[in-house]
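Dear colleague,

Please find below the structure that I am handing over to you.

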Amino acid sequence: MNQLRYWLLKSEPGSFSIDDLAACPDQTTQWDGVRNYQARNYLRDRMQPGDLGFFYHSNCRQPGIVGIVEIRSAGYPDPTAFDPESPYFDPKSRIDRPRWFMVDVRLVEKFSRPVTLKQLQQHREVLEGLTLLRRGHRLSIMPVAPEHWHFILSLAGKL
DNA sequence: GCCAACGTTGGC
DNA sequence: GCCAACGTTGGC
């Protein structure tokens, strides 16, 4: 078994919030629709069942980390790319040569007290190198260093 | 392979 | 709604 990793997964609560995840059967969903190559590489090559991730709400009134999810599968081809009816359809992704990947994600817990982006920014020194805090970052899937993971957990009152 | 134009992201 | 930052596209 490889070392488990930590992640941060962004979602716009207007389209899919942590409450939406909580409402899913088995509190599990397919994390589909990722259309960025770097994020794709993480999904396809790095994520493994048992990894944990922060669920981050972006592009909303109060951006921040709202809970924890568990990665429940390795990466596998994202079928929405093959579906002409899907907003995520990509004709360049073919069944025999899939371009986009996804994983299954299950809710572990929703924080009673989210860790806001503002809070994270107040600890720039400790969180040095956290991709989320880098200027102009746009990755929707990013790795989180173990020390950052634990520090953020402490901000959430979980340690 | 360069690079300008364009579309998207996402905090504010 | 603004706009800076970024990724992608496509002409050359």
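Predicted model: local features only at pLDDT ≥ 70, side-chain atom pairs only at ≥ 80, totals over all residues.

**Surroundings of the DNA strand**

DNA strand B is surrounded by K10, Y56, S58, N59, P63, L117, Q121 and R138. Of the atoms of DNA strand B that come within 4 Å of the protein, 77% belong to sugar and phosphate. Sorted by class, the protein surface near DNA strand B consists of 3 nonpolar, 3 polar and 2 charged residues.

**Aromatic residues**

A search of the whole structure finds 6 aromatic pairs. One of them is formed by Y6 and W149, which are stacked, with 4.5 Å from centre to centre and 15° between the planes. This pair links distant parts of the chain: Y6 belongs to strand β1 (residues 6-11) and W149 to helix α4 (residues 146-155), 143 residues apart. W149 has a relative accessibility of 2% and therefore counts as buried. Y6 and W149 also belong to one aromatic cluster together with F54.

Another of the pairs joins F16 and W31, in an edge-to-face arrangement with 6.3 Å between the centres and 90° between the planes. F16 lies in the loop between β1 and α1 (residues 18-22), while W31 lies in the loop between β2 (residues 28-30) and α2 (residues 37-46), so the pair ties together parts that are 15 residues apart in sequence. How do the two partners stand in accessibility, buried or partly exposed? F16, at 21% relative accessibility, counts as partly exposed, whereas W31, at 7%, counts as buried.

A charged residue also meets an aromatic ring: R44 lies over the face of F101, at 5.9 Å from the ring centre.

W7 is placed in strand β1. At 1% relative accessibility, W7 counts as buried. What does its side chain contact? The side chain of W7 makes a polar contact of 2.9 Å with the side chain of D51. W7 and M47 are 40 residues apart along the chain, and their C-alpha atoms are separated by 8.7 Å.

The buried residues in α4 are H148, W149, F151, I152, L153 and L155. What covers them includes β1, β3, β4, β7 (residues 104-116) and α3. After α4 comes G157, whose phi is positive, near 80°.

**Two further residues in loops**

L133 is found in the loop between α3 (residues 117-121) and β8 (residues 141-143). With a relative accessible area of 10%, L133 is buried, because that value is under 20%. Leaving aside residues up to four places away in sequence, L133 touches L117, L120, Q121, R124 and L127. Of these, L120 is 13 residues apart from L133 in sequence and 7.9 Å from it in space, C-alpha to C-alpha. L117 and Q121, touched by L133, are also among the residues that surround DNA strand B.

Q27 is found in the loop between α1 and β2. Phi of Q27 is near 50°, again a positive value in a residue other than glycine. The residue counts as partly exposed, at 33% relative accessibility.

With kind regards

How values were computed:
Residues numbered from 1 in each chain as written. Chains lettered and ligands numbered in written order. Heavy atoms only, no water. Phe/Tyr/Trp six-rings, centres within 6.5 Å; stacked < 30°, edge-to-face > 60°. Helix = DSSP H or I, 4+ residues; strand = E, 2+ residues; numbered from the N terminus. Buried < 20%, exposed > 50% of the residue type's maximum accessible area, 1.4 Å probe, protein only. Lys NZ or Arg CZ within 6 Å of the ring centre and 35° of its normal. Near = heavy atom within 4 Å. Nonpolar A, V, L, I, M, F, W, Y, C, P; charged D, E, K, R; others polar. Contact = heavy atoms within 4.5 Å. Polar contact = N/O pair within 3.5 Å; in protein donor to acceptor, adjacent residues only side chain to side chain.
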